[in-house]
Every structure is written in structure tokens, then in C-alpha cells.
Amino acid sequence: VQLQASGGGSVQAGGSLRLSCAVSGIIFRVNAMGWYRQAPGKQRELVASITVVGYTTYADSVKGRFTISRDNAKNTVYLQIDSLKPEDTAVYYCNLIPVRDNYWGQGTLVTVSS
């Protein structure tokens, strides 16, 4: 199983990024997916999730700024991040819902400067 996140980068506050996570080794379409992030010195947290039928939920800190989506034909889950804030700086990962501890990939780093 591989979950390969990409699309991170260094941006100024107010900017946007689109993260992608390509998934292989599982039947993607039957799994709920989530985007998680871990900021320096903090625990990893779930920021967005999407069910197999496309129902989405978001952490309060990102509501209205983050949008999760999925493309079952491409086995890929996306995270559109708008109005970035310095506190969004973190390594972003995707994983299943619920998490599979042995499925964590390298993640993708998002750095937001003020």
C-alpha cells in the first residue's frame, strides 16, 4: 500500500495550494479518506475527510478555506487550500478513515510566511 502526497510548497499568507494524494494497493473507492497535518511540535490532526459517497467534514480551524475532493477513477484524493495562514504550516498527509498506522507516507510540506 502506498499513499503518496504531493503539491506542497512555500507560499505567502493568503495564497493557495492544491495537494494531491495518489493511493495504490487498496480498493480506493470503498474507503473513506482523510487529510491530516502535523505542525512542528504538535500532534498530528485530522483536518478534512470525505466518505465513499462524497460527504465531507472539516476541522473548525479550516472550515471555509479547505476543500477535500476525490477522483475514484484516478485513485486520488485532493485538498484545495485557500486563504493560507502561517498557522497552516505543517506536513500534510493523507490516510484512510479510520487511520491505518502502517499506511503513513512521507507527506508534503506546506510552509506559509506572513
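Tutor: Buried means under 20% relative accessible area, exposed over 50%, and partly exposed in between (1.4 Å probe, protein chains only). This is a predicted model, where local features need pLDDT of at least 70, side-chain atom pairs count only at pLDDT 80 or more, and totals for chains, interfaces and linings use all residues. Residues are numbered from 1 along each chain as its sequence is written, and side-chain values use heavy atoms, with hydrogens and water left out.

Now strand β1, residues 2-6: L3 and A5 sit on its covered face, while Q2, Q4 and S6 make up the uncovered one. Two strands pair if DSSP finds at least two bridges between them; β1 and β3 (residues 17-24) run antiparallel, joined by five bridges. Across that pairing, L3 faces V23 of β3.

On to the loops. Most residues other than glycine have a negative phi, and most peptide bonds are trans. N75, in the loop between β7 (66-71) and β8 (76-81), has a positive phi near 50°. Its relative accessibility is 27%, so N75 counts as partly exposed. S83 also isn't a glycine, yet its phi is positive, about 50°; you'll find S83 in the loop between β8 and β9. With a relative accessible area of 40%, S83 is partly exposed. Finally, I97 and P98 are joined by a cis peptide bond, omega about -5°, and P98 belongs to the loop between β9 (90-97) and β10 (108-113).

Note on methods
Helix = DSSP H or I, 4+ residues; strand = E, 2+ residues; numbered from the N terminus.
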